[in-house]
Amino acid sequence: MGYTITEKILARAAGLPSVRAGDEIMAKPDFVLAYDFPGYTDVYFRQMKEEFGIDKVAEPERYAIFIDHMVPAATPKEEELHIGTRKWCAENGVPLYERKGIGHQVAAEVGYATPGAFVVHFDGHISQLGTFGTLAIGMRRNVLEAFVREKVSIRVPQTVRVNLHGELQPGVMARDVFHHMVRVLGPASCRFQVLELGGPGIDTLTTEGIQSITCLAMFTGAITAIVNPDEKRLAYALPRARKQLDPVFSDADAEYAAVHDIDLSGLEPIVVIPPTPANTRNLSDYVGLEVQAGYLGSCASGRLEDIEIAARILAGRQVATGFMLHVIPTSQEIMAEAARRGYVSTIVEAGGFVSSPSCDYCFGRIATMTDNQRAVSTGTLNVKGRMGSPDSEIYLCNAAAVAASAIEGRIADPRKYL
């Protein structure tokens with residue numbers, strides 16, 4: 001019986017010839033990533049020194065910190081947090097990425113999406129590095145272990161394989177694929193397991209689209225998602241990689257906890273209605289529902305293909321009177337390219353508000369809604385209060401649907417604009 005890509009990566013990280021799902025191991029992360037946030041990194045830094053007597057990390061090149069929340073700072077307390085993070089990184093010689101964009105995206109751009117690497121973070125959306133054959137796991141508060149000792153304790157997870165077939169129709173995007181997966185497999189279908197994507201349909205998706213799917217893996221209950229990287233994704237990741245590792249791939253006879261098949265050809269745009277990310281519906285059933293705001297951004301979207309399709313829909317048109325459209329590119333690199341291609345000017349001329357990369361729109365720190373308002377969003381969550389008042393509502397959908405809805409001031413099907 002062969003091995004999954006996850007088993008192979010963890011075996012190397014543990015210094016073992018092989019491991020199987022269910023084995024309890026100690027594995028050394030190739031990279032330990034985090035973003036500064038109250039109650040997380042500031043607490044880790046203090047605990048390292050006060051409880052473990054660690055003044056400096058032993059291998060600073062294994063660590064990286066991102067400042068992507070509370071950017072720019074709105075209060076002195078927020079800036080004090082950032083100052084503390086800058087100081088810790090400087091004292092430890094740890095790379096710091098500030099104002100470069102949302103850390104999960106920037107991590108791929110600067111080489112932490114190393115094919116074959118084992119990466120830990122406290123935030124589960126780091127799973128999107130799996131697009132490049134990286135095993136990236138969000139360990140929540142348990143990630144402190146990675147800051148205070150070389151190896152972390154982990155039980156090798158089982159893997160659920162999802163094979164994609166066919167090709168998406170115009171106006172249907174990768175995040176519709178993910179939400180459809182939640183609908184047909186269930187929100188706990190990969191509980192405490194790894195979601196591995198494959199099948200011939202994976203080759204019809206863009207790298208950016210696959211990043212959207214892998215980013216959202218936690219909403220199937222998975223601890224992460226991973227893809228066996230193809231030549232295109234290796235061509236992106238290997239020149240940037242911060243460590244020389246051989247990419248690994250699942251064996252043809254690898255053992256999976258379950259295998260599912262999904263046909264992309266018949267999918268249509270999807271909307272996820274409040275108040276949970278499991279409430280998946282066909283967008284056509286909600287066309288015409290009045291909405292007051294639109295958010296195109298987050299670590300799950302806001303990439304070049306999302307901005308491009310929004311610009312295509314908005315070109316020569318205007319955002320509805322009173323509608324607030326916020327377009328937030330996922331990174332500075334993406335924003336610069338979108339500007340070079342004219343997408344930014346098209347969106348601005350249509351009445352959209354384009355702002356520098358930040359996580360703050362996604363968790364309601366900026367552009368908050370008041371009671372009884374509704375938003376269409378490419379954010380990660382639609383729980384009560386996520387974007388402001390607990391009496392507001394968030395409808396998750398793809399970037400094309402956000403742009404179409406901005407024109408009409410109501411949930412709209414983007415296919416008629418394409």
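Cys 362 comes out at 9% relative accessibility, so it counts as buried (under 20% relative accessible area with a 1.4 Å probe, protein chains only; over 50% is exposed, and partly exposed is in between). Bear in mind that this is a predicted model, where local features need pLDDT of at least 70, side-chain atom pairs count only at pLDDT 80 or more, and totals for chains, interfaces and linings use all residues. Residues are numbered from 1 along each chain as its sequence is written, and side-chain values use heavy atoms, with hydrogens and water left out.

Now the sulfurs. Searching the whole structure turns up zero disulfides, a disulfide being a pair of cysteine sulfur atoms within 2.5 Å.

| Cysteine | Closest cysteine sulfur | Distance |
|---|---|---|
| Cys 299 | Cys 215 | 3.5 Å |
| Cys 362 | Cys 299 | 6.3 Å |

Cys 299 is buried too, at 8% relative accessibility.

On to helix 6, residues 174–185. Helices here are DSSP runs of H or I with at least four residues, strands are E runs of at least two, and both are numbered from the N terminus. With 10 of its 12 residues buried, helix 6 is largely enclosed by the rest of the structure; among the buried ones are Arg 175, Asp 176, His 179 and His 180. Next comes Gly 186, with a positive phi near 105°.

Finally, Ser 331 sits in the loop between strand 15 (324–327) and helix 10 (332–340). Its relative accessibility is 0%, so Ser 331 is buried. Beyond neighbours within four places in sequence, Ser 331 contacts Lys 100, Gly 101, Gln 105, Val 106, Glu 109 and Pro 357 (heavy atoms within 4.5 Å).

Note on methods
Expected span 1.5 Å × (residues − 1).
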